[in-house]
Amino acid sequence: MDLFEAVETTGENQVGGWVRTTDGVRLWVEIRGTGRPVILLHGWTMSSLFWRRQAQLAESCQVVTIDFRGHGRSQTTPRGHNVPRYAMDVREVAFALGLNRAVLLGWSMGGSVALDYWRQYGADRLSGLGLVETGPYPMSAAPWNVHKCRDHNEEAMRRDLAAMKADRKGFAARFINAMFLSGQAPEHALHWMTAEQLKTDPETAAAIYEDYARRDTTPLLPTVTLPAMVVYGRSLHMCCGLSTGRFVAGSLPGSRFVILDRSGHMPFYEQPEEFNLTVSRFLETLDA
């Protein structure tokens, strides 16, 4: 871990610090627990704090969270806001921490980053792959896709980005509410989640959203040879749905498909016990 600058130690097996990428960007990384690494990748304009209810996983494995460049506590930078560069950042974090046999678990946009890691590096340093509420191609015209940008709707994307720039705080609150199954976030969650989303400046948010929405990762799904886990909620107000989940799971060879039906776009937050148990059972299959 010579390439990791530890600056916060909050327990015997919990540390936070910085990894500097090869293009000079400082990424915030936290490590909890010991054992097989599980690398958690957050979604668009989110941060590693959204995984706070996965802390208990550190009782049986090593939980690694990363703030993508321009997100959370990581450095704001005008460069590198595309899915392949984010995947390269993940690879550089894994190298800096000396991680091996890791499970790469991506939520929403983070799932596309995980798939692009596979495209660039294959199984290097990995033993499994997980996708959570991932839309593998937001602009797809396929029947499974329920994203507002479906059927190559560039105008829908432009409207969304214009609304974000016109009213950053209002857009963030609407976005957070939509991630919950009920369409309304609890007040305490709305407060801190909105604050986290506002840490990503509008230029960064627009750049990575445009790249993610236009990027088709569906051809990568059937090429994955790692053990894979697919977890979806029942999103009613957001970009994914069960039709997307069924397509993703059906395209990933031999994947485990789990539906957590009392959650929306954040099954790991709305149903943390069930989600964590799903992850733990998946890890057990890798050790069997």
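A charge sits over a ring if NZ of Lys or CZ of Arg is within 6 Å of the ring centre and within 35 degrees of the ring normal. By that criterion, Arg91 lies over the face of Tyr121, at 5.7 Å from the ring centre. The model is predicted, so local features need pLDDT of at least 70 and side-chain atom pairs count only at pLDDT 80 or more, whereas totals for chains, interfaces and linings use all residues. Residues are numbered from 1 along each chain as its sequence is written, and side-chain values use heavy atoms, with hydrogens and water left out.

**Sheet**

- The 9 strands form an open sheet of mixed pairing, in the order S1-S2-S3-S5-S4-S6-S7-S8-S9; helices (H or I, at least four residues) and strands (E, at least two) are DSSP runs, numbered from the N terminus, and two strands pair if DSSP finds at least two bridges between them.
- Strand S1 (4-11) and S9 stand at the edges with a single partner strand each, so one side of each is left without a neighbour in the sheet.
- From one strand to the next, the twist averages 20°; axes are lines fitted to C-alpha atoms, for helices over the stretch in contact, and angles run from 0 to 180 degrees between N-to-C directions.
- Strand S3 (residues 26-32) and S5 run antiparallel and are joined by 4 bridges, with Ile31 opposite Val64 in S5.

**Strand S8**

- Strand S8 (residues 228-232) is mostly covered, with 5 of its 5 residues buried; buried means under 20% relative accessible area, exposed over 50%, and partly exposed in between (1.4 Å probe, protein chains only).
- In a regular strand the side chains alternate between the two faces of the sheet.
- Both faces of S8 are covered: Ala228, Val230 and Tyr232 are buried on one side, and Met229 and Val231 on the other.
- Strand S7 (residues 126-132) runs parallel to S8 and is joined to S8 by 4 bridges; Leu129 has Ala228 as its bridge partner in S8.
- Strand S9 (residues 256-259) is also parallel to S8, again through 4 bridges, and Val230 stands opposite Phe257 in S9.

**Helix H1**

- Helix H1 (residues 83-97) has 15 residues and reaches 21 Å from its first C-alpha to its last, close to the 21 Å expected at 1.5 Å a residue; the expected span is 1.5 Å times one less than the number of residues.
- Of the 15 residues in H1, 13 are buried, and the helix is mostly covered.
- At the start of H1, a side-chain oxygen of Asn82 comes to within 2.9 Å of the backbone nitrogen of Arg85.
- Gly98 follows H1 and has a positive phi, near 70°.

**Aromatic rings**

- The count comes to 17 aromatic pairs; rings of Phe, Tyr and Trp (its six-membered ring) pair if their centres lie within 6.5 Å, and planes under 30 degrees apart count as stacked, over 60 as edge-to-face and the rest as tilted.
- Trp51 and Trp107 are edge-to-face because their ring centres are 6.2 Å apart and their planes stand at 80°.
- This pair links distant parts of the chain, 56 residues apart: Trp51 is in the loop between strand S4 (37-41) and strand S5 (62-66), and Trp107 is in strand S6 (residues 102-107). Both Trp51 and Trp107 are buried.
- Trp144 and Phe247 form a stacked pair, 4.4 Å centre to centre with 5° between the planes.
- The partners are 103 residues apart, with Trp144 in the loop between S7 and helix H3 (154-166) and Phe247 in helix H7 (residues 242-251). Trp144 is buried at a relative accessible area of 10%, whereas Phe247 is partly exposed at 25%.
- Ring pairs link Phe50, Trp51, Trp107, Phe180, Trp192, Phe268, Tyr269 and Phe275 into a cluster.
- The charged end of Arg52 sits over the ring of Trp192, 4.4 Å from its centre.

- Ser182, in the loop between helix H4 (168-179) and helix H5 (187-197), is exposed with a relative accessible area of 57%.
- The side chain of Ser182 reaches the backbone oxygen of Gln184 at 3.0 Å; a polar contact is a pair of N or O atoms within 3.5 Å, and within protein one must be able to donate a hydrogen and the other to accept it, while residues adjacent in sequence count only if both atoms are side-chain atoms.
- Asn145, in the loop between S7 and H3, is buried with a relative accessible area of 4%.
- A polar atom of the Asn145 side chain lies 2.9 Å from the backbone oxygen of Ser140.
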